[in-house]
Amino acid sequence: MDSGIEDWEKKKKKEEKAREKELKRQKALEKAAKLQVQQASSNSKKSEKKNAKFSKDEDDNSMDFLDPKTPFGEKKRMSPQMAKHYSPSTVEKSWYEWWEKTELFVADAKSSKPPFVMLLPPPNVTGALHIGHALTASIEDTIIRWRRMSGYNTLWVPGLDHAGIATQVVVEKKLMRESGQTRHDIGREEFVSKVWEWNNKYGGTILQQLRRLGASLDWSRECFTMDEERSKAVTEAFVRLHKQGLIYRDNRIVNWDCVLRTAISDIEVDPPIEIKERTLLDVPGYENPIEFGVLTLFAYPLEEDLGEIVVATTRVETMLGDTAIAVHPDDERYKHLHGKHAIHPFNGRRIRIICDAILVDPEFGTGAVKITPAHDPNDFMVGKRHNLEFINIFTDDGKINQHGGAFKGMPRFRAREAVTDALQQKGLFKEIKTNEMCLRICTRSKDVVEPMIKPQWYIKCRNMGNEALDAAADDESKKLEFIPRQYTADWKRWLENIHDWCVSRQLWWGHRVPAWYAIFEGDKEEDFGTLYERWVVARNEEEAQALADQKYEGKKFRLEQDPDVFDTWFSSGLFPLSGLGWPDDTDDFRTFYPTSVLETGHDILFFWVARMVMLGNTLGGDVPFTKVYLHPMVRDAHGRKMAKGLGNVIDPLDVINGITLEGLHQKLFEGNLDLKELDKAREGQVKDFPNGIAECGADALRFSLISYTAQSDKINLDIQRVVGYRQWCNKLWNAVRFAMNRLGDDYVPPSNVIPELLPFSCQWILSVLNEAISKTVLSLESYEFSAAATAVYAWWQYQLCDVFIEVIKPYFSGNDPKVASERGFARDTLWICLDNGLRLLHPFMPFVTEELWQRLPSPRDHKREASIMICEYPSIMECWKNERVESDMNLIESVVKALRSLAQENRERRPAFVLCRAILDSKDQDREAICNHQLEIKTLANLSSLTVISEDDAAPTGCAVSVVNEKLSVYLKLQGSHSAEIDLEKIRKKIEDIKLQQEKLSKVISSFAGNEEKVPEKVRKDTADKLESLEKEKLSLEEASQQMAAQISK
């Protein structure tokens, strides 16, 4: 059999070299043929005919490697022969359209299967697919495909968020760019019409992009938060919450954006900018930069000739709305001023001197604090405690209003300069100091956030928050689990300190608040909405009119609807309910609520997840999901947040399709970056993507993102890792290509195999496949997606491709009858491995696995499913498990590794020897394994021969040596310039390493003395065994060292 293997190896090498040479030089041969015609020699004519025939055959056969065109929505028509190389764009074509058209993603509300339900976090309608969406879709699709293959009635609901602020900003910019008009110029009705027009034309692009990623969403249930059903749910939710006493209206401090002219939530505010010194910053609407990082000190004159009191502020313009000055009650400097008044220098308003121990720190600044209750959150609370007047000094667009006297109409930062100048003229200005501060900027408009008192609608959150807290924190009745667990503490901390939720926004695009205000004759326009009891909350105007008629019977009034719309997070918070048909009692709601798992980013744990739980509990009667998996945030390879200005934003479609560096630059030009940002971004792209981004395909991108999820809260995405997985897809492709060639056209897979009858290598690959299935399923069940991906990858890469496929090649080297049985078993095992391996991998890489699985032959007595995605997911097969075989193969791989290390880069076949030492009180299983599996070792280590020797035999000469363990050493014949001295130095280094390990273990064992009761017996035994094993290995290395030294000295 050994000679047969040698012949096969030689033949294989010759064939490969000849084929590669001919393919590369095809055109050259055609030219040579023409030249040979002119030479008129008989030999050259024969050669010409041969080459022409070869070229013709290649042309004829080339069509066999090209996929025929597939009509849209039909099952992909694949080429008769597999292409030599994997091409992502070719493989990923047509499959998705067929999956969708054949309704493989559609759930059945009447199915008897157990439901498994997920909701896609609805992306903004304005959005394009970014890497965060790709991560979300990759994880969620992996979960849903795995559950679908595991026998569940899976539903994955797609949706789009109307994105109130984001969409309105986009359309407003478009309106200004095209017509020079604002929304106020054209009016609300026409503007909303234009938003719908834009939405219908451009919105939802991201849903098409999600298809490119392979996301198996149930498109028959696609939602839009502004569609009729979802709008009905939003209205119903507000009405029901109001009836339950959970909705109220109040005048409170909000984050106000003077450009957008609306209240905004904290998530729409960038992380605070820390300013350490005087700093000039650009602010929208101002030609010149505005100075920040300064503290202005000025004095208020006191009544009764008591002098003056000095205060300090970073926003001196807000003094126009001051209604008090606070001091600490125990501050001796100001005790004589308790209950006194200061006089406002610009309007004469009397300003109370109040005592407030909560706010005032007597050690900070002057110990006196100006109080502007309408423009500072802390001052607002002081105003409530002391019943102060609340004076709003700004218009909605950030100009000084009628309360500013002479400063009326000035933009707020121009007023800052004017107020300072006026204070100087009155002799009240003291000084300006550098002051560290934090500045809050709106993400959308880039305007400086202005704290401002505004009447808004609020939801009471205390009781709902407690229920949401108990759902996750109460061990006895826990309904909600967070993965990773660390976020349970964050959940608890936030909900214990929850504030009421402001749900109204002063926008035009969104769900209009279903509340109407009763206006009576004589009411002033500016008083609209000020009296809470005048508000009527109803589902529609007709219902509101009926309620108002009943309330104000016999009185003359008219109703006007609140112009405000809801916070986008309100409709998003209802998505688990509205996405399943609530408030109607639909089949979907009865079958699929509550959903199974929510997967999202940890950055919206409170803005979205907590609110869904609160609303789900209150309106749906139960938590909306039982598990929450929070994925990390994606950063670039250097750990930086992705930003257009840095040039490090990665478009998933660019990774899937590939893009040149010039293409990346062009995308920057199409953005809204200024020249400085553009130059910086270009530099970033040149540094990170000097050659652009190679075409990787959706499968490689998905697998890469999933493998990154082991990183806890941040993913540092390196595109080269994605490229590596694209190359791995090529390895999968070639593995199946090899298999198809070995199986043959007429091969019919068996129904099952009996492991005990299989050759050693076949028993081994099934045993480790069983282990890979176990690890993958357990990891998926525990939401350890990186571990699951690693288990699948390791089996395919290191066990199937690197070992099994290589080790069975000799069985196919010819038609040797001696190995006919092994050849048949190898075919069957290879098919089982590919069938199970592709199904195991499918949730992670749907496209390539579908294509390869469709090429596999079907078992004779089993009706094949139409698609791999509805096949059964592999399950553990106990009869495949064989620990002895795995142990023997581990030993063989150790021997092969040692021999390959000795061979280094030289792949010439050479003789080798394995020295098996006898160890007292030890079974000779290693020698038996080596003797029984010489063929596997010779094949994997590329040896010309293998001889097993014992300690009684003479040590081989002219060999490099390596110690495998205390029982085994290997010898490989030296060739060429191989240096025995280098090998000897390596062995001596290993001896020194072992001595260091022995020293550490000896110290550990010494520490056990007197602590036997505290140290488990198993730990003591394992440590002693390890020390003994190291001693045996050291002795073996010393023996090898002496032998090599003796050879060198000769």
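The model is predicted. It holds zero disulfides, and its sheet of strands β11, β10 and β16 is open. Val239 counts as buried at 1% relative accessibility, and helix α28 is mostly covered.

**Cysteines**

- A disulfide is a covalent bond between the sulfur atoms of two cysteines.
- The structure contains zero disulfides.
- Cys442 takes part in no disulfide, and the nearest cysteine sulfur, belonging to Cys258, lies 10 Å away.
- Cys442 counts as buried because its relative accessibility is 1%, the cut-off being under 20%.
- Cys916 is likewise in no disulfide, with the sulfur of Cys931 as the nearest cysteine sulfur at 6.1 Å.
- Cys916 has 5% relative accessibility and therefore also counts as buried.

**The three-stranded sheet**

- Strands of a sheet pair through backbone hydrogen bonds, either parallel or antiparallel.
- In this open sheet of three strands the order is β11-β10-β16, and the pairing is antiparallel.
- The edges are formed by β11 (308-313) and β16 (429-434).
- Each of these edge strands has a single partner strand, so one side of each lacks a neighbour in the sheet.
- On average, neighbouring strands of the sheet are turned by 20° against each other, direction ignored.
- Strand β10 (residues 294-301) is joined to β11 by six bridges, and the two run antiparallel.
- Within this pairing, Pro301 stands opposite Glu308 in β11.

- Val239 is placed in helix α11, which covers residues 228-243.
- Its relative accessibility is 1%, so Val239 counts as buried.
- Apart from its neighbours within four places in sequence, Val239 is in contact with Val537, Ala538 and Arg539.
- Val239 and Ala473 are 234 residues apart in sequence, and their C-alpha atoms are 30 Å apart in space.

**Helix α28**

- Helix α28 runs over residues 820-841 and has 22 residues.
- From its first C-alpha to its last, α28 reaches 31 Å, close to the 32 Å expected at 1.5 Å a residue.
- Of the 22 residues in α28, 16 are buried, and the helix is thus mostly covered.

Conventions:
Residues numbered from 1 in each chain as written. Predicted model: local features only at pLDDT ≥ 70, side-chain atom pairs only at ≥ 80, totals over all residues. Heavy atoms only, no water. Disulfide = S-S within 2.5 Å. Buried < 20%, exposed > 50% of the residue type's maximum accessible area, 1.4 Å probe, protein only. Pairing = 2+ DSSP bridges. Helix = DSSP H or I, 4+ residues; strand = E, 2+ residues; numbered from the N terminus. Axes fitted to C-alpha atoms, helices over the stretch in contact; angles between N-to-C directions. Contact = heavy atoms within 4.5 Å. Expected span 1.5 Å × (residues − 1).
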